[in-house]
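Trainee: I would like to learn how to read salt bridges in a model. Please show me how to go about it.

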Amino acid sequence: MDSRQREDPLPVVGVDVGGTKTRIDTLFSKHRQSLILASDSWRKNSDTVLPHDMIRLAELIRAQAAKRRPGPAALCLGLHGADTPQQLNLATTALTEQLPGWRIRVVNDAELLGPTAGIRQALNLVVGTGMVVVGRDTSGNLVRADGYGYGWLLGDYGSAPALVREAVREILNRGVVAGTAAVMEDPLTQDLLEHFTVRDINQLALAFGSSADEQAWGRLAPLFFRSRQKGSAIADEILDQAVTHIGLAVKAVIHAGACGRQVVAAGGVITHQPVMARKLSGVLASLKGGPVGLRLLEDPPVTGALALASRLKSDTGQTTSSR
């Protein structure tokens, strides 16, 4: 028998922190275990990285990993709201302080999509409550589509709240140009008036503005797509504009140096609405500079976090850069 003591493999921990849900998966000796909880149960601010939030997250990760084996592990965290190298480094530093001896990598949560699909050089697209496109250049630097991710109130074109926001804007604009009678005939106008229990588009404007909230507007996205199926010309036009914006965001990321010609997409809107995926696929196929493919993600993004964490096990360093 070999007298050398064989070292047990490190447990692998993958974490996907989204805007609404956090999932922590541990993998050790082929046994996988999951914990799913609301992000706001431990996180005070989902739009940025706060040290005390990272402390609470580290406690959750340590407790979950200890169910399999106490001690260090290889960890990859996909973190919503970590949009800059500074935020990624802040999260890495905070976790390293709380989890000594661990091998740690932090990426934006959208960057889990490519690894989940098994594609190393992917353009990662999320179209759900928000919209973001990210990639990495040849030096490993994070590349985003600046100007397209200003949030649900001003940007995030194609996201659930933005689709409804732009639709209401178009209804009001058409009411001025073509007259109220013409716009009232559109199924989307009728459905929105019924939803808000108002009689005309002026009252709709007031009711919609008074309900300004990311989740409230986002919940109207299914109504938007149902109205389109009824024949809403307004909804169809807004959807075309949305996929055009997303295509421009992908083009901007490529122009900024992101590697890859394959978009891996996730998020409730793009994955649950085949018409959007079909239209976007056409836009990406005709991009100037060459076609870009579209692949919808089928597996949970935390699978990508586990894949990236597994790569850390062969690293000689204790903690990797979040670049």
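Trainee: How many salt bridges does a search of the whole structure find?

Mentor: Side chains of opposite charge can pair when their charged atoms come close. A salt bridge here is a side-chain nitrogen of Lys or Arg within 4 Å of a carboxyl oxygen of Asp or Glu. The search finds 13 of them. This is a predicted model, in which local features need pLDDT of at least 70 and side-chain atom pairs count only at pLDDT 80 or more, while totals for chains, interfaces and linings use all residues. Residues are numbered from 1 along each chain as its sequence is written, and side-chain values use heavy atoms, without hydrogens and water.

Trainee: Which residue does Arg56 form a salt bridge with?

Mentor: The partner is Asp53, with the closest N and O atoms 2.6 Å apart. Both residues belong to helix α1 (residues 51–66), 3 residues apart, about one turn of the helix. Helices (H or I, at least four residues) are DSSP runs, numbered from the N terminus.

Trainee: Is Asp53 buried or exposed?

Mentor: Asp53 is buried, because its relative accessible area is 0%. Buried means under 20%, exposed over 50%, and partly exposed in between (1.4 Å probe, protein chains only). Arg56, at 27%, counts as partly exposed.

Trainee: What does Arg174 pair with?

Mentor: Arg174 meets Glu170 in a salt bridge at 2.8 Å, N to O; the two lie 4 residues apart in helix α4 (residues 160–177). Arg174 also forms a salt bridge with Glu237, at 2.4 Å between the closest N and O atoms.
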